[in-house]
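Have the viewer open as you read.

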Amino acid sequence: MKTDSKIDKALALDLLGKMMKARKFEEKVQYYFSLGMIHGTTHLGIGEEACAAGTCSALEPLDDMFATHRGHPAAVCKGIDINKMMAEIFARETGVCKGKGGSMHIADKSVGVLGANGILGPSLPLACGSALAHKKLKDGKVSLAFFGDGASNEGAFHEAMNLASVWGLPVLFVCTNNTYGMSTHISKVMKVTDIEKRAIPYGMKSVTVDGNDVMEVYNTVKEMRKYAYENNEPVLIVENTYRTSGHSKSDGNLYRTKDEINYWKERCPIKRFKERLLSEGIATQEEIDNVDKETTEIIDNAVKFALDSPYPKLEDIYDDVYAD
Amino acid sequence: MVEITYANAIKDAISEEMRKDDNVFMMGEDIGVYRGAFGVTGGMVEEFGEDRIMDTPISETAFVGAAIGAAVSGMRPIVEIMFSDFMSVCWDMILNQAPKMHYMFGGKVNVPMVLRTASGGGTGAAAQHSQSLEAMLCHIPGLKVIVPSTPYDAKGLLKSAIRDNNPVMFLEQKLLYRTKGMIPEEEYTIPIGVADVKREGKDCTIVTYGRMVHTCLNAAKQLEEENIDVEVIDLRTLLPMDKEAVLKSVRKTKHLIIVHEAVKTGGLGGEIAASVAETDVFNYLDAPIKRLASEDVPVPFCPILEKGILPDEDKIVKAVKEVLA
Ligand SMILES: Cc1ncc(C[n+]2csc(CCOP(=O)(O)OP(=O)(O)O)c2C)c(N)n1
Ligand SMILES: [Mg+2]
């Protein structure tokens with residue numbers, strides 16, 4: 001799909017800001033994790049920010065989004081409160097999930113973030129049901145599920161694809177295709193690696209984009225959202241990208257070369273977009289620097305907020321097991 | 001005797017059986033170059049090749065089902081599910097396929113396979129990566145369920161599991177992978193279904209398994225300083241369970257505490273307590289039976305909460321004193 005050549009400046013700076021916010025957020029998480037100040041594990045999406053920023057910005061603010069284990073960038077770009085998200089990762093009571101969920105379960109229904117997920121596959125069936133609800137309620141919303149290339153080999157993917165198409169659900173299935181599931185390259189686990197083709201047997205519309213081109217992602221998802229909503233039909237969107245960070249804290253990168261990682265670092269979506277904005281005269285260096293400064297401040301403040309927040313209390317562990 | 005980690009004891013058990021029997025092979029996600037999420041299978045793909053250490057697509061229903069299918073058609077597969085929480089994704093295979101075939105087909109089909117999976121919390125991985133789900137598995141006749149607590153037990157029991165003609169669920173304890181213990185250099189196996197008295201004592205019986213064995217042993221050490229002599233029984237196999245070992249110990253000590261990491265409600269503590277209560281050994285008890293287990297909540301992320309919901313040494317010491325009071 002071709003990118004619109006005329007870029008709106010405000011939109012461009014917004015997308016750049018979101019990508020930078022996601023990147024800086026994760027770099028901070030990585031740093032505090034290495035100091036042992038963040039507990040558990042984290043899956044960083046460094047290098048994949050254009051997918052999150054382009055996709056989430058193309059949604060209406062209250063559309064519902066189901067994320068994956070690598071869900072920080074999507075939550076950031078969907079407009080979650082950064083302070084509360086950082087506090088969650090630091091396991092604080094002020095966190096979006098009150099310190100009970102952590103990195104892998106970031107959620108905030110008020111901005112349509114219906115959860116990062118520790119299990120591969122469920123985002124798609126869940127988004128089907130969410131889209132069914134929106135269709136029945138006629139509330140003008142659509143639902144979106146992120147999932148990875150690896151997760152598209154789960155039964156849940158295929159069942160959801162069928163259900164969404166046969167029931168005519170306004171849902172977007174967005175595959176963040178970084179060509180690896182942990183260490184396993186897509187070519188080792190799929191005979192046909194063109195994931196877009198998986199829509200054909202389900203009679204579903206599908207499209208593939210350069211997931212490191214934030215404008216292409218944005219324009220495509222915007223158009224597909226409109227299509228899904230107006231026609232009550234699902235769409236499969238494949239966003240090709242690469243994670244330059246490891247799979248998780250336990251990744252020794254034994255399955256790929258430094259050259260490969262560096263090749264993709266050169267194609268960093270943030271770097272690419274900045275260069276484009278400058279070369280096409282859409283933004284000045286000063287304006288870009290300002291976005292950089294603002295996002296740095298936002299993230300620094302979020303860390304401060306998190307570190308100043310108390311831990312949850314043991315007495316409260318039974319809160320939220322059941323709803324009232 | 002040689003010192004070895006729990007993870008390497010598991011690897012050695014599999015490797016030894018694979019060298020002896022060409023029909024033994026492994027399947028799982030990222031068990032090759034990545035060495036498995038917990039590093040258990042390091043070096044195995046180099047030794048045995050990709051035909052016997054098979055990386056799978058992320059398709060648990062397909063590859064666990066394929067392990068069962070391979071087992072019924074003549075192989076002895078070992079299949080790894082990265083975290084025991086993901087058994088949910090292929091539950092039909094675990095619940096309705098593997099354990100039913102032998103019985104349902106009149107004893108004419110065997111399912112000699114082992115499903116290895118990492119179980120338990122303490123890693124800050126939150127509600128979907130930390131559960132102890134053994135009680136669910138013990139509710140399925142036809143399965144065997146093993147939870148080893150030491151490198152010695154892990155190796156000996158896994159070798160027996162691989163040679164067993166039934167589907168065996170082998171629940172490895174995440175927090176024990178890096179712990180060390182002594183094992184003999186020569187070959188040995190440990191029979192499935194036999195408990196182990198990890199510490200002899202005369203005042204109170206603690207029945208436990210998995211990583212809680214170590215917590216209980218530490219508590220017993222503390223109590224020893226106060227002249228309280230605790231017996232710690234490690235069940236090792238949960239299904240079939242060595243109930244006789246429990247009865248024998250309780251007859252001697254007249255006090256029973258059960259400790260596990262899994263949530264209390266519907267946990268094996270209830271099964272163990274009932275096994276005592278329904279025999280004459282009940283009459284030997286000098287105090288009510290006590291169960292120490294996780295609070296009935298999903299595993300929370302915050303480390304303070306995650307730790308706080310579990311039995312620990314202090315809680316065990318207190319419980320022992322209470323039943324002896
Ligand atoms: C049902 C299930 N199986 C396995 C895992 C372990 N696991 C977590 S992430 C991952 C790789 C996922 O690959 P992909 O879907 O491509 O997403 P990516 O990590 O590349 O973002 C695996 C195997 C899991 N969380 N859930
Ligand atoms: Mg991937």
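How are the donor residues of the magnesium ion (ligand 2) spaced in sequence? They follow the pattern D-x28-N-x1-Y. This is a predicted model, where local features need pLDDT of at least 70, side-chain atom pairs count only at pLDDT 80 or more, and totals for chains, interfaces and linings use all residues; side-chain values use heavy atoms, with hydrogens and water left out. Residues are numbered from 1 along each chain as its sequence is written, while chains are lettered from A and ligands numbered from 1 in the order in which they are written.

The protein donors are A:Asp149 (OD), A:Asn178 (OD1) and A:Tyr180 (O), lying 2.1 Å from the ion. Donors here are N, O and S atoms within 2.8 Å of the metal (3.2 Å for Na, K and Ca); water is not among the atoms, so sites may look incomplete. A:Asn178 is buried at 5% relative accessibility, and A:Tyr180 is buried at 8% (buried means under 20% relative accessible area, exposed over 50%, partly exposed in between, with a 1.4 Å probe and protein chains only).

Now find A:Ala145 in strand β2 (residues 143–148) of chain A; strands are DSSP runs of E, at least two residues, and helices runs of H or I, at least four, numbered from the N terminus. A:Ala145 is buried, at 0% relative accessibility. Leaving aside residues up to four places away in sequence, A:Ala145 touches several residues, including A:Phe66, A:Leu124 and A:Phe173, where contact means heavy atoms within 4.5 Å.
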